Amino acid sequence: MHLGVVHEIRDPAGWDRVMSGDLNLPPGFALLGSVTQDDVSRGMCIWEAPSLEDLQRLLDGAFGEAVVNDCFVADAARSVNLPAPQTTTAPA
């Protein structure tokens, strides 16, 4: 599932620490694209993840208090240039 995230960056050093390191993502997660505002106050990412709740939990755990993550499900019919899925999720 494609998900979008708007990040409110409260601690630029905390953002840089996570984004410049090895993300070491669990199976089923792929960061497809990311942009950061020039003053490092906001960022925006496109993800593939098993669920909205799973991505929210992953990001909140990774960034802690440094970033507020507003995750949402992408509507494919109203989105442009979403890449093909890169991960597979095991059947439930």
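A salt bridge, in the sense used here, is a side-chain nitrogen of Lys or Arg within 4 Å of a carboxyl oxygen of Asp or Glu. Under that rule, Arg10 and Glu8 are joined by a salt bridge between their side chains, at 3.4 Å from N to O.

Good morning, colleagues. The structure is a predicted model, in which local features need pLDDT of at least 70 and side-chain atom pairs count only at pLDDT 80 or more, while totals for chains, interfaces and linings use all residues. Residues are numbered from 1 along each chain as its sequence is written, and side-chain values use heavy atoms, with hydrogens and water left out.

Let me continue with the charged pairs. The salt bridge count is three. To describe their surroundings I need three words: buried is under 20% relative accessible area, exposed is over 50%, and partly exposed is in between, with a 1.4 Å probe and protein chains only.

Another salt bridge links Asp54 and Arg57, at 2.7 Å from N to O. Both residues belong to helix α2, residues 52-63, and because they are three residues apart there, about one helical turn separates them. Helices here are DSSP runs of H or I with at least four residues, strands are runs of E with at least two, and both are numbered from the N terminus. Asp54 is partly exposed at 26%, whereas Arg57 is exposed at 56%.

Asp75 and Arg78 also form a salt bridge, at 2.4 Å from N to O. Here Asp75 is partly exposed, with 32% relative accessibility, and Arg78 is exposed, with 73%.

I turn now to the strands. Why is strand β1 described as largely enclosed by the rest of the structure? The reason is that six of the eight residues of β1, which spans residues 2-9, are buried. Two strands are said to pair if DSSP finds at least two bridges between them. β1 pairs with strand β3, residues 42-48, in the antiparallel sense over seven bridges. Within that pairing, His7 has Gly43 as its bridge partner, and Val5 has Cys45. β1 is also joined to strand β4, residues 67-73, by seven bridges, and this pairing is antiparallel too. There, Val6 stands opposite Asp70.

Strand β3 has a further neighbour in strand β2, residues 30-36, and these two pair in the antiparallel sense over six bridges. Thr36 faces Gly43 in that arrangement. β2 and β3 form a hairpin with five residues between them, and Val40 in the turn has a positive phi of about 55°.

Val6, Val35, Met44 and Phe72 make a nonpolar patch of about 350 Å². Patches are made of residues with over 30% relative accessible area and no salt bridge; like charges are joined within 9 Å, and nonpolar side chains (Val, Leu, Ile, Met, Phe, Trp, Tyr) within 5 Å. The areas come from the Shrake-Rupley method with a 1.4 Å probe, and for residues only the protein chains shown count as cover. Phe72 itself lies in strand β4 and is partly exposed at 40%.

Next, the aromatic rings. Rings of Phe, Tyr and Trp (its six-membered ring) pair if their centres lie within 6.5 Å; planes under 30 degrees apart count as stacked, over 60 as edge-to-face and the rest as tilted. How many aromatic pairs does this rule give? The count is one. That pair is Trp15 with Phe63, stacked at 5.2 Å centre to centre, with 15° between the planes. The pair links distant parts of the chain, with Trp15 in helix α1, residues 12-20, and Phe63 in helix α2, 48 residues apart. Both are buried, and Trp15 has a relative accessibility of 2%. Trp15 is also 7.0 Å from Val67, C-alpha to C-alpha, although 52 residues separate them in sequence.

Finally, the cysteines. A disulfide is counted when two cysteine sulfur atoms lie within 2.5 Å, and a search of the whole structure finds zero. For Cys45, the closest cysteine sulfur is that of Cys71, at 9.4 Å, which is too far for a bond. Both residues are enclosed: Cys45 is buried at 2%, and Cys71 is buried at 10%.
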